[in-house]
Amino acid sequence: MTREEFVGQLRRLQPLAEADPAAYRRRVWWWAVLGYAGVLGLLFGSAGLVVLVLLLGFAVGASGLIIKLAAIPAFFAGKVFMSMWVKFEPPTGLRLRRAEAAPLLALLNQQARQLRAPRVHRVLLSGEFNASAVQVPRLGPLGWSRNYVVVGLPLLQALTPEQAAAVVAHELGHLRGGDGRFGAWVYRVGQTWAQLIQQLERQDRQSMFSRFTAWYVPRFEAWSHPLRRTQEFAADAAAARVTSPAAMAAALCALVVRDAALDKQYWDPLAARLAEQAAPPADCFSQLLPVAKTARLEAEEEQRLLREAFEADPDPFSTHPTLGERLQALGQAPAVPAPPAHTAAEAWLGAALPQLTAQLDAQWHTDRREVWEARHAELQRQLQRLRELDARHAAGDALTPDEQWERADLTEDHVGGREALPLFQALIDEPKWRVAACFSLGRVLTNLDDPAGLPWLQEVMDQEPQYVAAGLTIQEAYYLRRGERETVRQLGDAQLRHADQFDEAAAEREAVRPGDLLLAHGLTAEQADALVAQLRRPEYTVAEAWLLRKQVRYFTHKPLYVLVVAPPAAMQPRPLADSHAWVQQLARELELPGETFVVSTGTGKDNAWIEKAARQMPGAALTLH
């Protein structure tokens with residue numbers, strides 16, 4: 001299912017859910033049951049076939065042959081079972097015990113009783129600006145979950161106890177019983193399948209079961225999407241009942257402005273220290289605590305962030321409603337809450353706060369030390385290189401086009417985009433760097449809210465498909481800052497269409513297959529002569545060569561070539577590994593006319609049809625001798 005098809009399905013289903021909620025719930029229930037039936041059907045169907053074959057074999061007295069035949073469905077059943085039986089990793093964090101967080105644990109127990117939510121087995125403290133309730137199924141998609149609540153120390157330090165209580169109540173609300181039992185069950189089913197897909201992708205498993213999930217999950221997501229959005233509203237309402245609508249609304253607004261303030265006043269300056277500080281700080285969260293408690297942006301900026309979040313359009317791929325939708329459902333207006341006089345972290349962790357913070361400090365330092373040190377060394381190398389290039393330019397040395405690009409790129413990274421503009425401008429007439437320089441000009445100018453950048457972006461996007469997604473994202477942000485929401489919506493639709501088209505293009509360009517149509521290459525005489533001159537170089541040992549072009553449906557202005565090469569007769573036949581190494585060398589070192597597959601003759605039946613097509617295609621042969 002493509003992204004555009006998915007969005008179209010959502011637009012069709014949302015009215016159905018609103019027109020007859022009870023009937024719609026029944027249909028979603030059947031889709032959920034289908035998922036479980038698919039899992040069990042694949043497993044028990046193949047296992048039942050094993051039993052049936054064995055019984056038949058013993059009945060007719062051909063047990064030896066039947067046992068061999070039964071091995072086939074048994075093997076299939078085992079593959080289904082193993083592909084389904086993935087290990088779900090639990091969330092990470094410091095486990096909070098009663099001696100360290102008695103008020104928080106008591107609050108969770110009280111809220112769980114009020115919401116009729118299942119027991120929380122573990123409460124974890126993390127370093128994230130977030131909170132979550134996580135169910136880790138012990139039996140894969142069949143359930144039997146262990147329940148975790150994860151609370152982030154930066155979040156607790158930025159909220160009042162009342163606001164943080166509303167946040168954790170919202171997370172427990174996803175697991176609640178009573179009137180919300182069905183919605184919570186659908187939410188958990190969706191989360192389980194999402195985790196299962198992630199695990200299968202991480203383990204790179206391709207099986208009958210993974211193919212079933214690829215068909216089933218997008219359809220279940222589409223049908224359950226309206227209910228899962230409703231579940232977010234229901235979780236907010238549940239939290240508002242056990243705390244108050246005002247506390248829930250204040251928490252939602254605080255999440256918007258406090259996160260942005262913490263990024264600007266703590267995390268961004270910390271990242272800026274990478275270039276000068278060889279090792280990560282040993283007290284990251286200890287330094288963060290006072291900042292998180294008091295961090296504020298300028299009042300105008302806070303109001304702008306809150307207004308943008310409140311007025312934002314819903315993301316069709318997200319089950320989370322916008323801030324505006326959630327506040328309206330709560331009957332509350334957007335407002336910037338004051339910083340906490342007494343934070344949730346202080347109230348809930350009390351005397352254990354310094355010790356827990358120190359443990360997070362040590363864990364963060366250990367986890368990030370290697371990456372920090374490697375990044376620091378790379379930044380130092382870049383700064384040294386920039387100083388060298390600047391000194392050479394100041395001394396009047398002529399930099400090569402590659403060096404000019406390097407200097408422009410490093411200047412943007414380490415000095416600023418505005419300072420890099422004239423350096424990018426100087427490269428727009430260089431054939432090798434024109435596309436990248438034009439896009440960089442457009443990106444920098446547009447990010448500086450200069451509309452002169454838009455034509456530069458569009459010029460590159462019209463030529464190079466790989467720049468379209470980034471260009472549309474830059475344009476969306478620009479028009480969002482200007483408040484032109486209809487243009488933002490149009491660009492969002494364009495993003496969906498391009499993403500689907502790009503996926504299709506990538507699929508047709510990932511290989512040359514027997515069903516593909518190969519055409520004459522269509523190069524100019526000058527282009528063909530340039531390729532021939534390279535292929536004649538003795539170190540490449542190319543005796544014959546042919547060039548074709550694969551017919552493609554997408555981005556037809558970007559040809560996809562197939563270069564077939566043959567080694568001298570004295571070197572044939574050669575080991576397959578040697579042929580592959582030779583082809584990879586040619587693909588790596590030749591300046592090819594565009595995206596090109598390089599194929600060697602004599603490498604087996606898979607490529608024999610390409611060689612045959614090349615030899616038969618008029619004009620495909622390149623004259624090397």
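Reader: How much of the protein chain counts as buried?
Author: Of its 625 residues, 45% do (buried is under 20% relative accessible area with a 1.4 Å probe, protein chains only). This is a predicted model, where local features need pLDDT of at least 70, side-chain atom pairs need 80 or more, and totals for chains, interfaces and linings use all residues. Residues are numbered from 1 along each chain, and side-chain values use heavy atoms, without hydrogens or water.

Reader: Ok, and how many helices and strands?
Author: The chain has 23 helices and nine strands (DSSP runs, H or I of at least four residues and E of at least two, numbered from the N terminus).

Reader: New topic: what's the volume of the second largest pocket?
Author: About 740 Å³, as the space filled by probe spheres set on grid points joined across faces, edges and corners. A pocket is an open set of points on a 1 Å grid over the protein atoms alone where a 1.4 Å probe fits, with protein on both sides within 12 Å along at least five of seven lines.

Reader: Which residues lie nearest its centre?
Author: Asp313, Pro314, Asp315, Pro316 and Arg489, out of 23 lining residues (those with an atom within 4 Å of a point).

Reader: Which helix gives the most to that lining?
Author: H20 does, with seven residues. H1 (3-19), H8 (208-242) and H19 (468-481) are also among the helices that supply at least two each.

Reader: And why does the pocket lie between two domains?
Author: Because domain 1 (3-84) and domain 2 (398-510) both give residues to its lining; the bounds come from an automatic or database assignment.

How values were computed. Buried < 20%, exposed > 50% of the residue type's maximum accessible area, 1.4 Å probe, protein only.
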